[in-house]
Amino acid sequence: MIRNDEPTALNTQLDLSANIAGVAFKNPIVMASGTFGFGKEYAKYYDVNELGGISGKGLTLNPKAGNQGTRVYETPSGMLNSVGLENPGIPSFLEKECAYWETLDTARIVNLGGNTFEDYVTGAELIQQDADRRSASGRKAVDMIELNISCPNVKEGGIAFGIRTCDASELVRAVRRATSLPLSVKLSPNAEDIAGMALMCQEEGADAVSLINTISGMKIDVRRRRSVFNNLYAGLSGPAIKPIALRMVHQVAKRVNIPIIGMGGISSATDIIEFIMAGATVIQVGTYNFMNLRAGRDLLLDLRQFMIEENIKSLDEIRGIV
């Protein structure tokens, strides 16, 4: 596709905007959690304020060192990751990273994880308290919380909160009570019934759902006769999972009335359009950030060019059309 990098009359008339629970997205391109840090690293390569939003590195209540051994392994059309949610912890994020987030002109989303029910709720409470404190001074650093329920519940033998709807229901309800910030719930493709899970999130007060998270996969080192990962399994992402993600977004869109943040293998403007046509309000870009350090800017240029070529003036014209 030949991109038109220069503004034109038609280009400026394009409406790429979206809104989720009062949070304005100037365009549908959001950087996915775990692939973009908190934005500083990529800001060296292009203006991240051009993005619709940033979902920051997954955070837990307390700092986590992450997994030992191999963490990332390239696969055909994707990658396996077993990073283990390495992160500085919520208090450190609020103290050290939010000053930078205050300067950004894009939607800022905190990805909240945890290993216990209490961790999630306390984390949400701390984020809300910080948001209230900043708001009192006329400042803002966080626009939305993305609740990652794919984390293992240590009190239930390690099964993810997001597998069984009954487990996730209580958690979503409690976090919803702990914060007034817009709340999206990030769904696992391993859920017993992902459309049913999404409907439950809507009923429990979630403002949106994000899907899909990585798919559980494996790689065996045939020379060493063992898994390459210490944890045996890892999360598969990248173009290989796109058809599965697209199908799940389409299924969920038929069941819920709240916005969908679609993700899974997006690496082109046509990928973005597919997810929008399947029912997504905005999308997230993950693994492609490792393939192209200017992925956000390039995708935005390509998306605009596609809309010009196809005479699409607003994404609302095609959202959920399939």
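**Helix packing in the predicted model**

Biologist: At what angle do helix α3 (residues 117-136) and helix α4 (residues 165-178) pack?

Modeller: Helices here are DSSP runs of H or I with at least four residues, and strands are E runs of at least two, both numbered from the N terminus. Axes are lines fitted to C-alpha atoms, for helices over the stretch in contact, and angles run from 0 to 180 degrees between N-to-C directions. The axes of α3 and α4 are 8 Å apart, and the packing angle is about 20°.

Biologist: This is a predicted model, in which local features need pLDDT of at least 70 and side-chain atom pairs count only at pLDDT 80 or more, while totals for chains, interfaces and linings use all residues. Residues are numbered from 1 along each chain as its sequence is written, and side-chain values use heavy atoms, with hydrogens and water left out. Which residues of α4 make the contact with α3?

Modeller: Contact means heavy atoms within 4.5 Å. From α3, the contact draws on F117, Y120, V121, A124, E125 and Q128.

Biologist: How are α5 and α6 oriented to each other, and why?

Modeller: The axes of α5 (residues 194-203) and α6 (residues 242-253) come within 9 Å and cross at roughly 50°. Angles under 35 degrees count as roughly parallel, over 145 as roughly antiparallel, 65 to 115 as roughly perpendicular and the rest as oblique. The orientation of α5 to α6 is therefore oblique.

Biologist: Which residues of α6 make the contact with α5?

Modeller: On the α5 side, the contact is formed by I194, A195 and A198. The partners on α6 are M248, Q251 and V252.

Biologist: How many residues of α9 are buried?

Modeller: A residue is buried under 20% relative accessible area, exposed over 50% and partly exposed in between, with a 1.4 Å probe and protein chains only. Among those buried in α9 are L299, L300, L301 and F306, and what covers the buried residues includes β3 (29-31), α7 (269-278), β16 (282-285) and α8 (288-291). Helix α9 is largely enclosed by the rest of the structure, because of its 15 residues the buried ones number 11.

Biologist: Which residue with a positive phi comes just after α7?

Modeller: Helix α7 is itself mostly covered, with seven of its 10 residues buried, including D271, I272 and F275. Its cover includes β3, α6, β15 (260-263), β16 and α9. Just after α7, a positive phi of about 125° is taken by G279.
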